[in-house]
Amino acid sequence: MSPEMTRLLLQATGDTLTMVALAAALGTLFGLPLGVFLATSRRGELLAAPWLNGVLGLVVNATRSTPFIILVVAIIPFTRLIAGTSIGTWAATVPLTVASTPFIARLVEAAIREVDPGLVEAARAFGASPTQIIRKVLIPEALPGIVLGLTLAVVSLLGYSAMVGAVGGGGLGDLGIRYGYQRFRPEMMLAVVVVLIVLVQAVQTLGERLASRLNRRIRRA
Amino acid sequence: MPDIPFDRPNTDPRIASQPLISFEGVSKTYATRQRTSVSALADIDLAVPAGSVLGVIGRSGAGKSTLIRLVNGLERPDVGRIRVGDAEISALDERALRRVRRGVGMIFQHFNLLSSRSAFGNIALPLEIEGRGKAEIRARVEELLALTGLEDQRDRYPSELSGGQKQRVGIARALATGPSVLLSDEATSALDPETTRAILALLRRINRELGLTILLITHEMSVIRAIADRVAVLENGRIVEQGDVFEVFTRPQAEVTRTLLAGEMGLTLPAALAAQLGREPVSGAAAVLRIAFRGPHANDPIVARLARETGIEANILSGTVDEIAGQPFGSLAVSLPAGPDVVVRARAFLDAHGLVSDLLGYLPARSAEDRHVA
């Protein structure tokens, strides 16, 4: 590979990492509270609001069932409103965040529903308020599960970020399509795929390590 | 002995004349999916004097869990009033209930400790919830670790603790805010017999030394016997019997109480004899009596006196002497020789000496004779 191509590959990797990191951070910022609310607003739960829970659940499902590439196109006006443009790395962060928020919310919801209801009962018996129960019991107890969920979300985002390349989003996917596919440069395509594999592998390993370090349920020697 | 509560006045049993916990006409039903409602509790009247230990016993499904959860408002009654100290639990809203709950500790069958926190962190939780300062929390938690014998387990996580240690953490956590009441929800049911004894001894010590009022639920008579002052027997959501532990153990009135007591009291006959025991007196059959010796009579040589004073020679089949709530209690199974009025005369004699006797049944002549010969 020529130095020029190496430069392009590094640039694209940096763009992808920026997009994914930003979208994961924003997705967590919105998805975590949404997931906590989805888990605790069911009938008979801490913040019981079954009606609102139903509406939010519907919105989450609708977003998640829309194919990502269609979502990207469908929300172009919204992307322009936020990023000022619909092309480029920054603009691509908007649909990535919109897609990752409900995904992360569902993963957080699942992790929180795994927490033993006995712990919530104990906290209630000590006079804890719903907010205290969420902050001191549910989130810390669900943390290993939440970290594993976020790992999964970041891996999916890497895949999605390659897709936004197809609509002018920049990053590794963009590089792969324009140079590898349209200009018949199989070595570029291969390089892009290898970098993506390495990234996914690294994210997965890091996430699993962090989760098992946080998990105190398993006895360690 | 560490200081008792923080700054909450502790109810002194000698001063308190009113019960600390009381139920008046409490009922609760649950709606089920089939649109029928299941009555969990009906017409419960119960009083727990300050500083005492009340045990509620019943089979699973009798309504014990619901009963104990009504005390701290985790469950709400349909009718009736529940009071803890000056607070009428059944009339409080959620916010006011949270304040009351800080004065009512609770321990659980499955401990319910946070796996993400060490022993120290778990005990600190109720104090954090109360909004105590860091230094104050540390001092108080160290004190509780010492009280429950957990100094060496301070930084261990629940997954690294044994069942007994976990329950000690649970007890320390329940005591953290210096409550005047402790609710124990089958606290020893998941523990082995030896650990159970140690945990019950700890609870008894806390009751005596801190003057803590304890309401516990269990399905094991041995737990009641080890720790309770008073007992209430719950069946199908109703209290069928309640009273002093010694009274209820030695003169059980309800059928369910007798069943729960069987085995616990060592009153069982040898299996070979029990198998032959019949309900009806056939000719030549020997009546089998169970005699209960309570308190001061426990050591009387009653069989010898029965023979001397009435001429009835009873044959001892089995016997035990035991201690319940600190008082001696003996029980003896005897067979009486066949003969007119023997049973009536023997029981009259026993009655006259203040002994309770039960007619268990009749043994056929053959085996009764064998017994007498042997």
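The model is predicted: local features need pLDDT of at least 70, side-chain atom pairs count only at pLDDT 80 or more, and totals for chains, interfaces and linings use all residues. Residues are numbered from 1 along each chain as its sequence is written, while chains are lettered from A and ligands numbered from 1 in the order in which they are written.

Chain B contains 13 helices and 14 strands. Helices (H or I, at least four residues) and strands (E, at least two) are DSSP runs, numbered from the N terminus. Of the 374 residues in chain B, 43% are buried. A residue is buried if 20 or more other C-beta atoms lie within 10 Å of its own, exposed if 12 or fewer, and partly exposed in between, with C-beta atoms placed from the backbone. Two residues are in contact if their C-beta atoms, placed from the backbone, lie within 7 Å. Among contacts in chain B between residues at least 6 apart in sequence, 69% link residues at least 24 apart.

The largest nonpolar core comprises 137 residues. Such a core is a set of buried Ala, Val, Leu, Ile, Met, Phe, Trp, Tyr and Cys residues joined through C-beta atoms within 7 Å. The residues with the most contacts inside it are A:Leu157, B:Val71, B:Ile123, B:Ala172 and B:Leu215. Helix α7 of chain A (residues 130–164) gives the most to this core, 17 residues. Another core, of 22 residues, lies apart from it and includes B:Ala285, B:Leu289, B:Leu317 and B:Val334. Leaving aside residues up to four places away in sequence, B:Ala172 touches B:Ile123, B:Leu144, B:Leu145, B:Leu147, B:Thr148 and B:Leu150.

In chain B, helices α3 (residues 119–130) and α4 (residues 134–147) pack at about 130°, with their axes 10 Å apart. Axes are lines fitted to C-alpha atoms, for helices over the stretch in contact, and angles run from 0 to 180 degrees between N-to-C directions. This angle makes α3(B) oblique to α4(B); angles under 35 degrees count as roughly parallel, over 145 as roughly antiparallel, 65 to 115 as roughly perpendicular and the rest as oblique. From α3(B), B:Phe120, B:Ile123, B:Ala124, B:Leu127 and B:Glu128 meet B:Ile137, B:Arg140, B:Val141 and B:Leu144 of α4(B). By class, this contact has seven nonpolar, no polar and two charged residues. Ala, Val, Leu, Ile, Met, Phe, Trp, Tyr, Cys and Pro count as nonpolar, Asp, Glu, Lys and Arg as charged, and the others, Gly among them, as polar.

The contact between the chains takes 20 residues from chain B and 20 residues from chain A. On the chain B side, α2 (94–101), β6 (104–108) and α3 each give two or more residues. The largest share, four residues, comes from α3(B). This side divides into eight nonpolar, six polar and six charged residues.

Most residues other than glycine have a negative phi. B:Phe111 has a positive phi, near 65°, and B:Asn112 has one of about 50°. B:Phe111 is buried, with 24 other C-beta atoms within 10 Å. B:Asn112 also counts as buried, with 23 C-beta neighbours inside 10 Å.

In chain A, A:Met188 sits in helix α9 (residues 186–214). A:Met188 and A:Met1 are 187 residues apart in sequence and 8.0 Å apart in space, C-alpha to C-alpha.
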